[in-house]
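User: Please take a close look at one part of this model, namely where its pieces meet. I would like a single connected account, with the cut-offs behind each term.

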Amino acid sequence: MRVTTKKSLRDLRRSRAQVIAVTITIMLGVMLYVATAGAFQNLTASYQHTYDRLNFATYVGTGGTADDVASAAAAAGAADAIPRAQYDPPMLIDNTKLVGRVIGMPVDGQPAVNSVDVVDGGYFDADATDQALIETHAADTFGIGPGDTVKVYGGDGWHEVTIVGVAISAEYLWPARNRQSVLGDPHAFAVLFLPSDTVAQWFGPDNQALVMMPDQLTTSSTNDVTQAMTDAGATDIQTWEEQPSHATLNEDLKGFDQMSKAFPALFLLAAAIASYVMLARRILMERPVIATLMAAGARRGRILRMYLLQGLVVGTLGGFLGVVIGALASGAVTTAYTGGLGIPDTVIKNYPWMIVVGLAFGVLVGAMGAFFPALSASRTKPAEAMHTAAPTRAPGPWSRLVARMRWLPVATRMALRDVGRSPRRTLATMLGAILSLVLVLASVGMMTSIVQAIQIQYTDIELQDATVVIEDGVDAASTVGSVDGVAAVERTTMGRVTAQANGHSYVTTLRGFESNTAMHQFKMTDGALTSLPPSGVLAGAPIATLLNVEAGDTITLSTESGTSEVTIAGFVDEPLGTFLYATNDVASSAVDETGLSSYDLAFRDGVDRDAMRQHISQLDGVVGYQDARAVVTSLQQYLGLFWAFIGVMIILGGALALAVMYVTLAVNIVERTGELATLRASGVPVRKVAGTITIENVIATALGIPFGVALGTLAAAWFLSTFSSDLFTFHLMWSWWVPWVAAAGVLIASALSRIPAARAVRKVDVATVVRERAT
Amino acid sequence: MTASTDRSIRLAGVTKTFGEGDAAVHALKGVDLEIASGELVVVLGPSGSGKTTMCNIIGGIETATAGTVQIAGEDISDRKPATLSAFRRDHVGFIFQFFNLIPTLTARENIEIILALTGKGSSARVEDLLSAVGLADRADNFPAQLSGGQQQRVAVARALATDPDILLADEPTGALDLPTGRQILALLQELNAEGRTVVIVTHNSSVAQIANRVVTVVDGTIQSAAVNEAPIAAADVTW
């Protein structure tokens with residue numbers, strides 16, 4: 001081994017504590033990258049494996065004649081295209097009435113597109129008419145399986161079907177009714193697969209065309225096939241990426257993708273800074289040695305490489321550990337995620353390129369941190385070998401200013417001046433605080449914003465406690481209005497429409513309310529409250545972009561029974577879903593007649609919600625019931641892993657702050673060993689000496705806080721914007737105290753540096769320092 | 001400071017060994033030494049003789065490997081670091097060759113910081129100390145704005161901040177020229193005249209002329225401890 005390499009390794013060993021802190025920071029950054037990016041790749045592969053296996057439709061066309069649309073797609077080059085029937089009738093499952101979904105399936109075998117995975121029981125008998133497969137989420141929610149019976153309401157009344165199997169469907173990996181209702185009461189939605197002839201007999205003809213392209217998961221939404229479908233009469237074509245289940249799950253995946261880039265970057269930046277501070281300090285201390293080497297004729301390149309090597313060793317070590325732990329964590333995260341959400345296929349792979357990138361990150365960070373100090377070392381003038389100590393610099397304006405602040409305790413004055421004494425160290429501490437705040441505020445901001453969004457949706461906007469679906473002709477006021485505990489009943493209207501304008505279309509739900517409704521509050525995008533327009537509609541804010549329209553524009557609403565035109569009166573800002581709202585009169589003239597009516601209910605305070613569900617569901621004429629508050633349960637499941645991830649991020653944010661501050665603190669102590677030894681020799685207690693260093697650390701941290709809060713706020717807003725779509729509209733919302741608490745947390749972490757500071761000060765060998773300075 | 005305070009120093013069979021096994025260095029090999037209250041003793045010896053180690057053991061910043069160390073009437077041989085710190089605070093003041101002033105603090109603040117952190121004395125005392133070392137007019141100067149002699153005088157004032165019984169000066173003139181060195185030695189003589197025990201560690205035999213007693217240390221042992229019958233004034237010292 002070369003002597004220069006030996007020196008580098010021994011130098012690292014002498015700075016063990018700082019090397020460990022920097023290595024851990026690099027390791028955390030690389031580990032986060034490999035774990036989250038790996039989980040993202042694995043989850044994407046897991047979904048794709050399921051989609052491949054179950055022939056997930058590339059396009060679903062609605063409108064026109066399904067058979068014609070499917071034939072046109074097949075003729076235009078689709079790999080497979082089939083017509084299918086899908087209806088949303090009332091159901092009675094385990095004494096719960098709900099509006100579910102039935103999907104027609106051939107009895108002679110699985111369909112060529114959107115097949116299902118029967119995980120319990122079996123597929124239909126060849127001559128089945130009253131058999132059903134139940135989608136796995138509903139089976140779990142209601143605790144039913146093969147052999148049980150359920151009732152569906154179709155055509156002439158209730159029909160009983162027997163469950164023969166429990167099935168997983170790629171369309172319902174996340175059980176979303178549509179893009180406007182991706183989060184719903186789990187007891188208010190169930191999917192049954194029925195023989196297609198039975199669906200035709202009870203509900204109606206095929207109304208969807210399922211199309212699978214040769215390159216199944218194509219991202220193209222316009223091509224010959226979609227054009228042929230449109231020409232054949234399809235009014236809306238939903239791509240696989242827009243499919244509600246996939247789109248919802250993809251929001252989570254997008255989160256992984258964003259975090260796999262942004263959060264590791266924070267750690268690696270912090271690690272580079274810590275590495276820089278550590279090496280810069282070493283080189284400062286070794287200037288006479290370096291100058292001696294230079295005086296002896298050492299080449300600059302050799303000096304540069306000698307110190308660069310130290311950064312590379314630390315970077316490689318951190319990178320290697322990060323890759324190993326990250327690869328293991330990636331598999332664990334993937335398994336936890338697919339297990340938690342019931343994704344049937346779990347694909348766990350090691351991605352060689354990711355390992356290479358992870359290692360490269362580590363090496364690069366180490367090299368970046370070491371480069372400038374090493375360059376500075378290589379430029380040391382040989383004459384500096386003659387200096388035994390750095391000459392004392394004259395005090396600058398800052399020092400002179402602080403000297404006049406006699407009203408401050410002298411220890412504070414010293415700390416204030418020390419902040420300016422080593423700008424590099426102060427900047428590093430500030431950056432540690434800034435990066436920690438960015439990490440913590442971005443995580444907390446997402447969490448509080450989502451929680452507040454739910455709060456707003458279900459306390460400020462959706463004011464009803466439940467929605468019931470009642471057969472037409474039944475007197476709602478006497479049926480549900482007289483139930484003890486019901487405070488108010490209002491008729492509502494609900495129907496699926498395809499909104500079209502400027503060559504764009506968007507399938508959504510048109511909801512109608514009484515003009516002076518007390519069940520829904522309409523908040524405009526400018527924050528003002530409004531009421532329903534007498535004519536025209538209010539639209540969810542994303543529609544402005546989706547259809548390229550603005551207030552006052554006219555849009556076309558298409559249903560199976562025809563089209564109508566309405567004017568957009570304004571846009572509402574709602575966190576969940578993108579709906580159209582109108583008065584009942586306007587809405588009922590635009591949506592299809594179903595023979596059913598819906599009503600929103602408001603309960604008196606303190607009612608037992610489960611008892612209300614049980615009671616109202618049993619009433620004659622009631623065919624569906626949805627508890628508005630039960631959505632929160634569903635949401636918690638959706639966000640469960642997200643919370644865990646954010647919790648880990650907050651912990652890591654604290655670790656990041658501590659790691660960077662520890663390195664700068666250690667460097668501070670090493671640079672000031674003589675001063676500290678003098679204070680100790682004068683009988684100053686360890687805790688007091690540590691206190692003076694801590695004050696400096698806290699001041700430097702405090703200087704970083706305004707920047708950290710500002711950047712953390714921007715980062716949180718940016719992260720939220722990546723989650724926003726027509727499914728969710730999130731704005732950054734947090735209580736006024738959140739930034740203060742985050743800042744206080746970082747300051748406390750900084751103040752905690754007193755503990756390692758005291759330990760380090762205790763380790764300062766006063767006698768050795770004094771002896772080394774004696775001749 | 002009261003005249004009756006015990007400011008004596010007693011070392012009995014003190015040894016100090018650094019390292020272990022073949023690498024062991026025996027810095028002190030059974031040193032016996034008594035310094036009476038109010039004495040001014042110069043410990044003389046070449047580099048590596050063990051004189052600084054002896055000074056450090058007396059000051060309680062280093063512990064003896066064996067033997068008994070009694071300072072100002074207290075046996076500090078087996079004390080833990082925290083109680084040694086308290087001992088130093090109450091009894092000992094250090095003066096170093098390179099002053100060890102905190103460069104970011106003014107002369108006044110270099111003294112004030114000790115008072116603040118040890119909790120001994122009030123800031124009003126700072127002015128008295130600066131006046132005592134003749135630097136009242138340079139109180140607000142930073143070390144970089146002071147000469148070497150002035151810096152060492154600040155260091156002396158700092159050492160006096162806790163009103164110690166014993167002053168330990170390790171090569172106090174080592175970084176100073178002759179006139180400045182004389183001023184510092186004169187200051188130490190004055191402090192000794194006030195009743196403090198002063199121990200000056202140096203390799204400069206000329207400094208020994210101001211002592212009451214000269215202890216010569218060679219290779220970790222006391223070679224001689226001679227009384228100086230006619231100490232001279234610091235102003236007359238030459239080297």
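Analyst: **The contact between chain A and chain B**

Between chain A and chain B, 10 residue pairs are in polar contact, both residues being at pLDDT 80 or more; such a contact is a pair of N or O atoms within 3.5 Å, where within protein one must be able to donate a hydrogen and the other to accept it, and residues adjacent in sequence count only if both atoms are side-chain atoms. On the side of chain A that touches chain B, at least two residues each come from helix 11 (397-403), helix 12 (410-421), helix 19 (673-681), helix 20 (686-723) and helix 23 (766-773). Helix 12 of chain A gives the most to this side, with seven residues; helices here are DSSP runs (H or I, at least four residues), numbered from the N terminus. By class, this side of chain A holds 14 nonpolar, eight polar and 12 charged residues, where Ala, Val, Leu, Ile, Met, Phe, Trp, Tyr, Cys and Pro count as nonpolar, Asp, Glu, Lys and Arg as charged, and the others, Gly among them, as polar.

The model is predicted: local features need pLDDT of at least 70, and side-chain atom pairs count only at pLDDT 80 or more, whereas totals for chains, interfaces and linings use all residues. Residues are numbered from 1 along each chain as its sequence is written, chains are lettered from A in the order in which they are written, and side-chain values use heavy atoms, with hydrogens and water left out.

Three salt bridges (a side-chain nitrogen of Lys or Arg within 4 Å of a carboxyl oxygen of Asp or Glu) link chain A and chain B. One of them joins the side chains of A:R413 and B:E112, at 3.1 Å from N to O. In all, 34 residues of chain A are in contact (heavy atoms within 4.5 Å) with 39 residues of chain B. The two chains bury about 3200 Å² between them, and carbon and sulfur atoms give 61% of this area; buried area is the accessible area (1.4 Å probe) that two parts lose on being put together, summed over both.

Within chain A, domain 1 (1-56 + 262-384) and domain 2 (57-247), with bounds from an automatic or database domain assignment, also meet. Their contact takes 12 residues from domain 1 and 21 residues from domain 2. The area buried there is about 1400 Å², 61% of it on carbon and sulfur atoms. On the side of domain 1, A:Y51, A:L54 and A:F56 lose the most area, together 53% of what that side buries. One salt bridge is counted between these domains.
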